[in-house]
Amino acid sequence: MFVIKIVSCRYSSHIVGKWHLGSYKKAYTPLMRGFESHVGIWTGHHDYFDHTAEEKGMWGLDMRRGFDIAYDLHGKYTTEVITDEAVKVIRHRNSSQPLFLYVAHTAVHSSNPYSPLPAPDETVANITNIADYNRRKFAAMMYHLDQSVGRIVQTLSEENLLKNSIIVFSTDNGGPAELFNLNAASNFPLRGVKNTLWEGGIRGAGFIWSPLLKERERVSNQLFHIVDWLPTLYHAAGGDVNSLKNIDGINLWRELSENSGSKRIEVLHNIDDVWGSSALMVNKWKVVVGTNYKGMKMSLF
């Protein structure tokens with residue numbers, strides 16, 4: 001796991017925000033997976049104000065500080081909670097160690113079914129140029145996410161850390177469409193939506209910023225898979241990638257830095273025995289077997 005490898009490079013490692021990588025056993029939770037601290041949620045979604053989660057007929061409180069329930073954060077907007085905690089980690093870090101900070105925002109992920117797009121009323125009221133009320137709420141959620149990124153980067157600057165930082169900002173999937181949870185995403189010109197294996201469902205948009213990059217201010221079209229972050233960032237952090245055993249990722253730091261051709265030529269997107277779908281891409285060719293949603297929603301894009 002990446003965070004454990006970063007620890008081996010003497011990094012102080014922290015997470016704020018959404019975990020959603022397992023909580024069935026204590027051993028699967030953040031503090032047992034290499035992080036020194038965690039404030040945020042373990043599950044996939046929750047209400048941004050009361051921090052309760054509803055799923056599959058069950059309901060419960062999910063806002064954690066380490067292993068404990070963070071009752072004191074009740075009523076505080078989740079995006080602001082995550083931002084405040086990220087700033088706190090940066091301010092109070094051990095300055096003798098480099099810092100690995102994983103900020104996993106819940107925004108703009110939908111909330112519980114009874115209130116899918118939670119946003120502060122005052123923010124929604126200040127957005128007057130969008131006619132549709134639900135789109136105004138979505139824009140308000142995005143506004144707070146945007147403000148969060150600004151605050152975190154400003155804090156890094158004030159702590160004199162930007163000159164030697166690598167900032168990665170990325171989504172994890174394409175947007176949902178057809179008003180799913182009041183969303184109305186469009187992945188055009190890509191086909192498919194979230195939870196499909198078409199490009200509109202799986203191609204992530206994002207950016208990497210760092211003064212350590214040699215070629216900057218450009219659009220990268222290099223093929224890069226999520227598993228490549230481990231060896232790429234481990235190398236950038238000063239680790240010996242050859243010490244990583246039995247991994248699927250490829251160290252692409254030079255390619256990202258110098259804008260050269262990617263060594264990755266194939267991506268196994270998924271083999272899903274539940275949905276009965278799978279997809280593999282090699283160079284510019286892609287094969288998709290089976291469909292999700294019985295083929296629905298794919299014809300939109």
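Start with Val108, which is found in the loop between S7 and helix H3 (121–126). Helices (H or I, at least four residues) and strands (E, at least two) are DSSP runs, numbered from the N terminus. A cis peptide bond joins Ala107 and Val108, with omega about 5 degrees.

Before moving on, note that residues are numbered from 1 along each chain as its sequence is written. This is a predicted model, in which local features need pLDDT of at least 70 and side-chain atom pairs count only at pLDDT 80 or more, while totals for chains, interfaces and linings use all residues; side-chain values use heavy atoms, with hydrogens and water left out.

Colour the chain by pLDDT, the predictor's confidence in each residue, from 0 to 100. The mean for the protein chain is 92, and 95% of its residues reach 70 or more. Now select residues 297–301, where pLDDT stays under 50. Where pLDDT is low, the predicted coordinates should not be read in detail.

Next, select Phe188 and Pro189: a cis peptide bond joins them, with omega about 10 degrees. Pro189 is found in the loop between strand S8 (167–170) and helix H5 (199–202). Then go to Arg10, in the loop between helix H1 (2–7) and S1. Arg10 is not a glycine, yet has a positive phi of about 70 degrees. Most residues other than glycine have a negative phi, and most peptide bonds are trans.

Now show the sheets. Two strands pair if DSSP finds at least two bridges between them. Five strands form an open sheet with mixed pairing, in the order S6-S5-S2-S1-S7. Strand S6 (68–69) and strand S7 (99–104) are at its edges with a single partner strand each, so one side of each is left without a neighbour in the sheet. Strand S5 (residues 64–65) pairs with S6 in the antiparallel sense over two bridges; select Arg65 to find Asp68 of S6 opposite.

Which strands does H2 touch as it packs on this sheet? H2 touches strand S1 (12–18), strand S2 (37–41), S5 and S7, and its direction makes about 180 degrees with that of S7. Axes are lines fitted to C-alpha atoms, for helices over the stretch in contact (heavy atoms within 4.5 Å), and angles run from 0 to 180 degrees between N-to-C directions.

Select helix H2 (residues 78–91) together with helix H4 (residues 133–158): they pack at an angle of about 5 degrees, with their axes 10 Å apart. H2 and H4 are therefore roughly parallel to each other (angles under 35 degrees count as roughly parallel). Among the contact residues are Thr83 and Val87 of H2 and Leu145 and Ile152 of H4.

For a hairpin, select S3 and S4, which have two residues between them; Lys56 in the turn has a positive phi of about 55 degrees. Four bridges join strand S3 (residues 52–55) to strand S4 (residues 58–61), and the two run antiparallel. Glu55 has Met58 in S4 as its bridge partner.

End with Phe35 and Phe100. Their ring centres are 6.5 Å apart and their planes are at 20 degrees, so the pair is stacked (rings of Phe, Tyr and Trp, its six-membered ring, pair if their centres lie within 6.5 Å, and planes under 30 degrees apart count as stacked). Phe35 lies in the loop between S1 and S2 and Phe100 in strand S7, so the pair ties together parts that are 65 residues apart in sequence.

Technical notes:
Parallel < 35°, antiparallel > 145°, perpendicular 65-115°, else oblique. Phe/Tyr/Trp six-rings, centres within 6.5 Å; stacked < 30°, edge-to-face > 60°.
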